[in-house]
Amino acid sequence: QVRLGWHDSGTYDKNIEEWPQRGGADGSLRFDPELSHGANAGLTNALKLIQPIKDKYPGITYADLFQLASATAIEEAGGPKLPMKYGRVDITAPEQCPPEGRLPDAGPRLPAEHLREVFYRMGLDDKEIVALSGAHTLGRSRPDRSGWGKPETKYTKDGPGEPGGQSWTAEWLKFDNSYFKDIKEQRDQELLVLPTDAALFDDPSFKVYAEKYAEDQEAFFKDYAEAHAKLSNLGAKFDPPEVSPPSSHVHA
């Protein structure tokens, strides 16, 4: 669910004014043209999980639901409380989906440059790149979906859920700062380290934050909460335009 929220908002391009051409958190990920992008392999499963909620509460938009599910997953897994707001408007047709190629690739030739290219386009900075990468403390990578990771490890062979894949951390259902500790040490062959993960300790500017988060979970939680909330609003059109605190009703 975290990936669903992030991949819906992560298509945002700060250089494009018009909505929905600018991409972002607009519910477009529910349409096949976008769902079939390479970076979104396997996300149909996440979509199936939240469809019953949408059916039960038709008033909530997909754009809000994707971000709500993402924030709830982080909080339920022991992560920080996220300062979220709601009222995002959905796009209405598949032809409004953003083009492919706006999401990060796991194994680019120049990992640090690639991360900057993608995240700077969204209007995010080095600190936010490192903090958001910390969400890899949750979940697994599956070779049949992303082309990365082992089919199974000692940490993933029993599930929960569908067994298999390779996790970045041993306790991959717990949100903490172990991702940064594990990448720094790289002692456990069972754990995944992608080129874009290793870049966080190789690149001098990224390393400042990665080192800090490995040492200080509280600092990581604070920066993560701010970055996640910012990511969840990227490119979104709100109705009503500003809701603070969130209104008790959601516009369809």
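Predicted model: local features only at pLDDT ≥ 70, side-chain atom pairs only at ≥ 80, totals over all residues.

Biologist: Which residues have the most contacts inside the largest nonpolar core?

Modeller: They are Phe119, Met122, Phe175, Phe180, Leu200 and Tyr224, in a core of 42 residues. Helix 4 (62-76), helix 5 (111-121), helix 6 (126-133), helix 8 (178-185), helix 9 (195-202), helix 10 (204-215) and helix 11 each give two or more residues to this core, and the largest share, six residues, comes from helix 11. Because domain 1 and domain 2 both give residues to this core, it lies between them. There is also a second, separate core of 12 residues, which includes Leu43, Ile60, Leu65 and Phe66.

Biologist: With which residues is Tyr224 in contact, leaving aside its neighbours within four places in sequence?

Modeller: With those neighbours set aside, Tyr224 is in contact with Ile74, Pro80, Leu82, Ala131, Leu132, Ala135 and Phe175.

Biologist: Where is Ala227 placed, and is Ala227 buried or exposed?

Modeller: Ala227 belongs to helix 11, which covers residues 217-233. Because the cut-off for a buried residue is under 20% relative accessible area, Ala227 counts as buried at 1%. Apart from neighbours within four places in sequence, Ala227 is in contact with Glu128, Ala131 and Leu132. The C-alpha atoms of Ala227 and Val130 are 9.7 Å apart, although 97 residues separate the two along the chain.

Biologist: How many of the eight residues of helix 6 are buried?

Modeller: Seven of the eight are buried, so helix 6 is largely enclosed by the rest of the structure. The buried residues of helix 6 are Asp126, Glu128, Ile129, Val130, Ala131, Leu132 and Ser133, and what covers them includes helix 5, helix 8, helix 9, helix 10 and helix 11.

Biologist: How should I describe the packing of two helices?

Modeller: Two packed helices are described by the angle between their axes and by the distance between those axes. Helix 9 and helix 10 pack at an angle of about 90°, with their axes 5 Å apart, and they are therefore roughly perpendicular to each other. On the helix 9 side the contact involves Ala199, Leu200, Phe201 and Asp202, which meet Pro204, Phe206, Lys207, Ala210 and Glu211 of helix 10. These residues divide into six nonpolar, no polar and three charged.

Biologist: At what angle do helix 5 and helix 9 pack?

Modeller: The angle between helix 5 and helix 9 is about 100°, and their axes are 8 Å apart, which makes helix 5 roughly perpendicular to helix 9. Pro111, Ala112 and Leu115 of helix 5 make this contact with Pro195, Thr196, Ala199 and Leu200 of helix 9, and the residues involved divide into six nonpolar, one polar and no charged.

Biologist: Is Lys81 buried or exposed?

Modeller: Lys81 is exposed, with a relative accessible area of 67%, and lies in the loop between helix 4 and helix 5. Leaving aside neighbours within four places in sequence, Lys81 is in contact with Glu75 and Ala225. From C-alpha to C-alpha, Lys81 and Phe119 are 23 Å apart in space, while they are 38 residues apart in sequence.

Biologist: What should I know about phi and peptide bonds before I look at the backbone?

Modeller: Most residues other than glycine have a negative phi, and most peptide bonds are trans. Gln186 has a positive phi, near 45°, and is a residue other than glycine. Gln186 is found in the loop between helix 8 and helix 9 and is partly exposed, with a relative accessible area of 44%.

Terms used:
Residues numbered from 1 in each chain as written. Heavy atoms only, no water. Helix = DSSP H or I, 4+ residues; strand = E, 2+ residues; numbered from the N terminus. Buried < 20%, exposed > 50% of the residue type's maximum accessible area, 1.4 Å probe, protein only. Contact = heavy atoms within 4.5 Å. Core = buried A, V, L, I, M, F, W, Y, C linked by side-chain atoms within 4.5 Å. Domains from an automatic or database assignment. Axes fitted to C-alpha atoms, helices over the stretch in contact; angles between N-to-C directions. Parallel < 35°, antiparallel > 145°, perpendicular 65-115°, else oblique. Nonpolar A, V, L, I, M, F, W, Y, C, P; charged D, E, K, R; others polar.
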